[in-house]
Amino acid sequence: MKILTKIAFIFTLWLGSVASAFALEPVYSDFFGNAIKGYDPVAYFTEKAAVKGERDYTYRWNGADWRFSSKQNLDLFVANPTQYAPQYGGYCAWAVSKGYTAKIDPEAWNIVDGKLYLNYSQSVKQTWQQDIHGNIAKGDENWPTLLRK
């Protein structure tokens, strides 16, 4: 019986470490730790475009590396990250509105009421746009719960 207890204890420890290894990160980042696949979050606001960031302009914030296309954009972000960071940590806004997370296509985006929202794809963006404010309300409700999982 003692051996069974030890096995159960080891299994419980292992299960806990596996679960924490797959815990939701607060910022969607790629394999290399680049937030929103290395795109410049400030450019969505200043250039109204998805612009790839440069390695020379990198800032570590909220557990991820954020890249920028210029020093000016980097400085704007450093001064006020929450103004430029995408909602829901950069995960797909439609998925969050449905209660789960998904990766994003940096080219599928919207700015609504001064906030950046990213989506999984252009087709998902179109679906999300059918009820933007309703989806934002659901996403705002779901996001804190998803972070705790």
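In what order do the elements of the chain run from the N terminus on? They run α-α-β-β-α-α-α-β-β-α-α.

## Model and overall makeup

This is a predicted model, in which local features need pLDDT of at least 70 and side-chain atom pairs count only at pLDDT 80 or more, while totals for chains, interfaces and linings use all residues. Residues are numbered from 1 along each chain as its sequence is written, and side-chain values use heavy atoms, with hydrogens and water left out.

The secondary structure comes to 7 helices and 4 strands. Of the 149 residues of the chain, 40% count as buried. Buried means under 20% relative accessible area, exposed means over 50%, and partly exposed lies in between, with a 1.4 Å probe and protein chains only. Among contacts (heavy atoms within 4.5 Å) with a separation of 6 or more, 55% are between residues 24 or more positions apart.

Strands S1 (54-61) and S2 (64-68) run antiparallel and are joined by 5 bridges; two strands pair if DSSP finds at least two bridges between them. Glutamate 54 stands opposite phenylalanine 68 in S2. The two strands form a hairpin with 2 residues between them, and asparagine 62 in the turn has a positive phi of about 55°.

Tryptophan 66 is found in S2 and is buried, with a relative accessible area of 1%. Leaving aside neighbours within four places in sequence, the residues in contact with tryptophan 66 include Val27, Ala35, Ile36, Pro41, Tyr57, Tyr59, Phe77 and Pro86. Its C-alpha atom is separated by 6.5 Å from that of glycine 38, 28 residues apart along the chain.

## Helix H3

Helix H3 covers residues 71-79, and its buried residues are Asn73, Leu74 and Phe77. Seen down the axis of H3, these buried residues fall within an arc of 100°, so they line one face of the helix. The arc is that of the directions from the helix axis to the C-beta atoms. An α-helix has 3.6 residues a turn, so residues three or four places apart point the same way. Gln72 and Ala79, on the other side of H3, are exposed. Helix H2 (43-46), S1, S2 and helix H4 (81-84) are the elements against which the buried residues of H3 pack.

S3 and S4 run antiparallel, with 5 bridges joining them. One of the pairs is tryptophan 109 with leucine 118 in S4. The hairpin has 2 residues between the strands, and aspartate 113 in this hairpin takes a positive phi near 50°. S4 is mostly covered, with 4 of its 5 residues buried.

In helix H6 (residues 122-129), the buried residues are Val124, Lys125 and Trp128. Viewed down the axis of H6, they fall within an arc of 105°, so they line one face of the helix. Their cover includes H5, strand S3 (105-112), strand S4 (115-119) and helix H7 (132-148).

## Loop residues

Lysine 48 lies in the loop between H2 and S1 and has a positive phi of about 55° although it is not a glycine. Lysine 48 is exposed, with a relative accessible area of 59%. Tyrosine 88, in the loop between H4 and helix H5 (93-97), has a positive phi of about 60° and is not a glycine either. Tyrosine 88 is buried, at a relative accessible area of 5%.

Alanine 23 lies in the loop between helix H1 (2-21) and H2 and is partly exposed, with a relative accessible area of 32%. Alanine 23 and leucine 147 are 124 residues apart in sequence and 8.3 Å apart in space, C-alpha to C-alpha.

## Largest pocket

The largest pocket has a volume of about 190 Å³. Of the 13 residues that line it, the closest to its centre are Trp61, Asn62, Ala85, Pro86 and Gly89. On a 1 Å grid over the protein atoms alone, a pocket is an open set of points where a 1.4 Å probe fits, with protein on both sides within 12 Å along at least five of seven lines, and lining residues have an atom within 4 Å of a point. Grid points are joined across faces, edges and corners, and the volume is the space filled by probe spheres set on the points.

The lining divides into 9 nonpolar, 4 polar and no charged residues. Here Ala, Val, Leu, Ile, Met, Phe, Trp, Tyr, Cys and Pro count as nonpolar, Asp, Glu, Lys and Arg as charged, and the others, Gly among them, as polar.
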